[in-house]
Amino acid sequence: AHAADIDGEEGPIPLVTDLSPGRFAVTAAGDSFLVEVPDYEAEAEAIEGGDVLRAPMPGKLIALNVRPGDRVAKGETLAVMEAMKMEHALNSPRDGEVEAVGGDTGAQLAEGEMIVRLVEEA
């Protein structure tokens, strides 16, 4: 976005400033607002302390990259969901071994539904 104070019929056009991925400031009529887009993956990680990868929102499972017994690395993409017309890569919360997978490719998932469960580490 570039700075331009243009008076439209509704008053000044808001100015949007990118601060960092998922965070931006909106300035309108002299007031600034911080807007944060939630990080669904970080929230999904926090839900379970790292053993279970869950659907962060309702959507369709379009790719499942692992099977039970597979070794995975933290950050590896285990599954891809389509939600709100966007694809969301769901990454492993930690290194580990896949214990179970929930849902098949093409399945509709509810928010919070288990997609991949890692073996609990002792």
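Arg94 is buried in this predicted model, with a relative accessible area of 14%, where buried denotes under 20% relative accessible area, exposed over 50%, and partly exposed the range in between (1.4 Å probe, protein chains only). The place of Arg94 is in the loop between strand 10 and strand 11; helices (H or I, at least four residues) and strands (E, at least two) are DSSP runs, numbered from the N terminus. The model is predicted, so that local features need pLDDT of at least 70 and side-chain atom pairs count only at pLDDT 80 or more, while totals for chains, interfaces and linings use all residues. Residues are numbered from 1 along each chain as its sequence is written, and side-chain values use heavy atoms, with hydrogens and water left out.

Two side-chain contacts of Arg94 are described here. A polar contact of 2.5 Å joins the side chain of Arg94 to that of Asp51; such a contact is a pair of N or O atoms within 3.5 Å, of which, within protein, one must be able to donate a hydrogen and the other to accept it, and residues adjacent in sequence count only if both atoms are side-chain atoms. The side chain of Arg94 also reaches the backbone oxygen of Val119, at 2.7 Å.

The structure holds 2 salt bridges, each defined as a side-chain nitrogen of Lys or Arg within 4 Å of a carboxyl oxygen of Asp or Glu. In one of them, the side chains of Asp51 and Arg94 meet at 2.5 Å, N to O. This pair links distant parts of the chain, 43 residues apart: Asp51 lies in the loop between helix 1 (40–48) and strand 6 (52–54), and Arg94 in the loop between strand 10 (86–91) and strand 11 (96–101). A salt bridge also joins the side chains of Glu99 and Arg117 (2.8 Å, N to O). Here Glu99 in strand 11 and Arg117 in strand 13 are 18 residues apart, and the pair again links distant parts of the chain. Glu99 is partly exposed, with a relative accessible area of 41%, and Arg117 counts as partly exposed at 32%.

An open sheet is formed by 4 strands in the order 6-13-11-8, with antiparallel pairing; two strands pair if DSSP finds at least two bridges between them. Strand 6 and strand 8 (71–72) stand at the edges with a single partner strand each, so one side of each is left without a neighbour in the sheet. Strand 6 and strand 13 run antiparallel and are joined by 3 bridges, and Val52 stands opposite Arg117 in strand 13.

Further antiparallel pairings involve strand 7 (residues 59–64). Strand 7 pairs with strand 12 (residues 108–109) over 2 bridges, Gln108 being the bridge partner of Lys60. Strand 7 also pairs with strand 9 over 4 bridges, and Met81 in strand 9 is the bridge partner of Leu61. Strand 3 (residues 15–20) and strand 4 (residues 23–28) are antiparallel over 5 bridges, with Val16 opposite Val26. These two strands form a hairpin with 2 residues between them, and Gly22 in the turn has a positive phi of about 85°.
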